Amino acid sequence: MKCPRTGIPLTEINIQGIQVDISKACGGVWFDNFELNQFDEAHEDAGEELSKLLNKYCKDGIDVDKKILCPCCETVTLQRHYFSIKKTVEIDECPKCGGVWLDPGELEKIRNEYATEKERKEKGIQFVDEIYENSELKRKLDRRKSANIPKSSLLESIFKFLRPKALREDKDEFDL
Ligand SMILES: [Zn+2]
């Protein structure tokens, strides 16, 4: 697969048991459905580790308004939309395969957006609904009447994958 921004081949890396494809040319990252559906079994520092790695390659001056093609499907244009209810971070999602591309710095922004576990929970539920309701994927699934396919499972997995470690520590304390 090639980086949708630069055309340079993506590099497969393994973050705590999850395979993701990163662009060493711009610092973007590609998540496909299969990779993230495994995330529940991954190590909890995964989001932080990936974030640090991407920062090494992070390039300024990416034109995020430029339409890009899915690195997996190749002929399908990714659709840019807001990741969260606060509308501070946008992501590029493939309406065909459901994969998600994050441009340089977007992963970090998502991780920084949620201040508390309580807020994360509230916003997490909301953003999944919001994005799903507006997505091509939903329209496609509605047409197929595929009621058994889990709702926005990739986005939920990404959220779990990316959330900052501090939030989890708060939660652990809370659980005790
Ligand atoms: Zn695709």
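Q: Which residues are linked in a network of salt bridges here?
A: This is a predicted model, and in it R5, R80, E90, D92, D103 and E106 are tied together by a network of salt bridges.

Q: OK, and how many salt bridges does the count come to?
A: Six.

Q: Take R5 then. Which residue does R5 form a salt bridge with?
A: R5 pairs with D92, and their closest N and O atoms are 3.5 Å apart. That pair links distant parts of the chain, since R5 sits in the segment before β1 and D92 in strand β5 (residues 90-93), 87 residues apart.

Q: Is R5 buried or exposed?
A: R5 is buried, because its relative accessible area is 14% and the cut-off for buried is under 20%.

Q: What about D92, buried or exposed?
A: D92 is buried too, with a relative accessible area of 2%.

Q: Let's move on to R80. What does the side chain of R80 meet in a salt bridge?
A: There are two partners to talk about, E90 and E106. With E90 the N to O distance is 3.8 Å. That pair joins strand β5, where E90 lies, to strand β4, where R80 lies, ten residues apart.

Q: And what's the N to O distance for E106 and R80?
A: For E106 and R80 it is 2.7 Å. This one also links distant parts of the chain: E106 is in helix α3 and R80 in strand β4, 26 residues apart.

Q: Why can side chains like these pair at all?
A: Side chains of opposite charge can pair when their charged atoms come close.

Q: Is E106 buried or exposed?
A: E106 counts as buried, because its relative accessibility is 4%.

Q: Where do R80 and E90 fall on that scale?
A: Both are partly exposed: R80 has 23% relative accessibility, and E90 has a relative accessible area of 27%.

Q: New topic: the zinc ion. Which residues are its protein donors?
A: The donors are C70, C73, C94 and C97, each through its SG atom, and they lie 2.3 Å from the zinc ion.

Q: What's the geometry of the zinc site?
A: The site is tetrahedral, with angles of 105 to 113 degrees among the four donor atoms.

Q: How are the donor residues spaced in sequence?
A: The pattern is C-x2-C-x20-C-x2-C.

Q: Are C70 and C73 buried or exposed?
A: Both of those cysteines are buried.

Q: How far apart are E74 and K2 in space?
A: They are 9.1 Å apart, C-alpha to C-alpha, though 72 residues separate E74 and K2 in sequence.

Q: Last topic, the nonpolar core. Which residues touch the most other members of the largest one?
A: That core has 18 residues, and V20, I22, V29, L50 and L102 touch the most other members.

Q: Which elements each supply at least two residues of this core?
A: They are β1 (11-15), β2 (18-22), β3 (29-31), α2, β6 (100-102) and α3 (106-113). Helix α2 gives the most, with four residues.

Q: What other core lies apart from it?
A: There is another core of eleven residues, and among them are C70, C73, V76 and W101. So two of the zinc donors turn up again here, because C70 and C73 are listed both as donors and as members of this core, which counts buried residues.

Notes:
Residues numbered from 1 in each chain as written. Predicted model: local features only at pLDDT ≥ 70, side-chain atom pairs only at ≥ 80, totals over all residues. Heavy atoms only, no water. Donors = N, O, S within 2.8 Å, 3.2 Å for Na, K, Ca; no water. Tetrahedral: all angles 85-135°; square planar, octahedral: opposite > 155°, others 65-115°. Buried < 20%, exposed > 50% of the residue type's maximum accessible area, 1.4 Å probe, protein only. Core = buried A, V, L, I, M, F, W, Y, C linked by side-chain atoms within 4.5 Å. Salt bridge = Lys/Arg side-chain N within 4 Å of Asp/Glu carboxyl O.
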